[in-house]
Amino acid sequence: MRVALHSVLKEGQESGYEQAHATVPEDLLEALGRAGITNWRIWRSGRHLFHLVDCEDFAAAMAALDKDPANQRWQEFIGGYVDHFEDTGGSPAEPERMTLGEVWELSAQAEAAERG
């Protein structure tokens, strides 16, 4: 499955957040893999971050990461940069509320049009 997320940085934390992601800790990468996450991409526009997560089961991955010490350390550290995730009340504990629904995809429409 592919899940899109939207978070917002604290004022003035843009460059620090990017520097923190230049190389994330190896134990965090291992934790993400154990949780079933195969890829996680982040784009930034001003203070807004847009995440695209590829995984088998997002809710299960978030539950596993919530208990993982490597992720707990990372969240404590990165929390100094991130103000909140949209639509969650600030908590990733409710993954069904933190995801962005896809509205439209050019290639899907083009493929449908080709098939008739």
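Predicted model: local features only at pLDDT ≥ 70, side-chain atom pairs only at ≥ 80, totals over all residues.
Trainee: Which pattern does the protein chain follow along the sequence?

Mentor: Helices (H or I, at least four residues) and strands (E, at least two) are DSSP runs, numbered from the N terminus. The protein chain has six helices and five strands. Read in order, they give β-α-α-β-β-α-α-β-α-β-α.

Trainee: What percentage of the residues in the protein chain is buried?

Mentor: Buried means under 20% relative accessible area, exposed over 50%, and partly exposed in between, with a 1.4 Å probe and protein chains only. Of the 116 residues in the protein chain, the buried share is 32%.

Trainee: Leaving aside neighbours within four places in sequence, which residues is isoleucine 78 in contact with?

Mentor: Contact means heavy atoms within 4.5 Å. Isoleucine 78 is among the residues with the most contacts inside the largest core. With those sequence neighbours set aside, its partners are Tyr17, Ala20 and His21.

Trainee: How many bridges link β2 and β3?

Mentor: Two strands pair if DSSP finds at least two bridges between them. β1 and β3 run antiparallel and are joined by seven bridges, with serine 7 opposite leucine 49. Strand β2 (residues 37-45) also pairs with β3 in the antiparallel sense, and there asparagine 39 has aspartate 54 as its bridge partner. For β2 and β3 the count is eight bridges.

Trainee: Which residue in the turn between β2 and β3 has a positive phi?

Mentor: These strands form a hairpin with two residues between them. Serine 45 has histidine 48 in β3 as its bridge partner. The turn residue with a positive phi, about 60°, is glycine 46.

Trainee: Is tryptophan 43 buried or partly exposed?

Mentor: Tryptophan 43 is found in strand β2. Leaving aside neighbours within four places in sequence, tryptophan 43 is in contact with His48, Leu49, Phe50 and Leu52. Because its relative accessible area is 47%, tryptophan 43 counts as partly exposed.

Trainee: Which strand gives the most to the lining of the second largest pocket?

Mentor: On a 1 Å grid over the protein atoms alone, a pocket is an open set of points where a 1.4 Å probe fits, with protein on both sides within 12 Å along at least five of seven lines, and lining residues have an atom within 4 Å of a point. Arg2, Val3, Ala4, Leu52 and Trp104 are among the lining residues. The most, three residues, comes from β1.

Terms used. Residues numbered from 1 in each chain as written. Heavy atoms only, no water. Core = buried A, V, L, I, M, F, W, Y, C linked by side-chain atoms within 4.5 Å.
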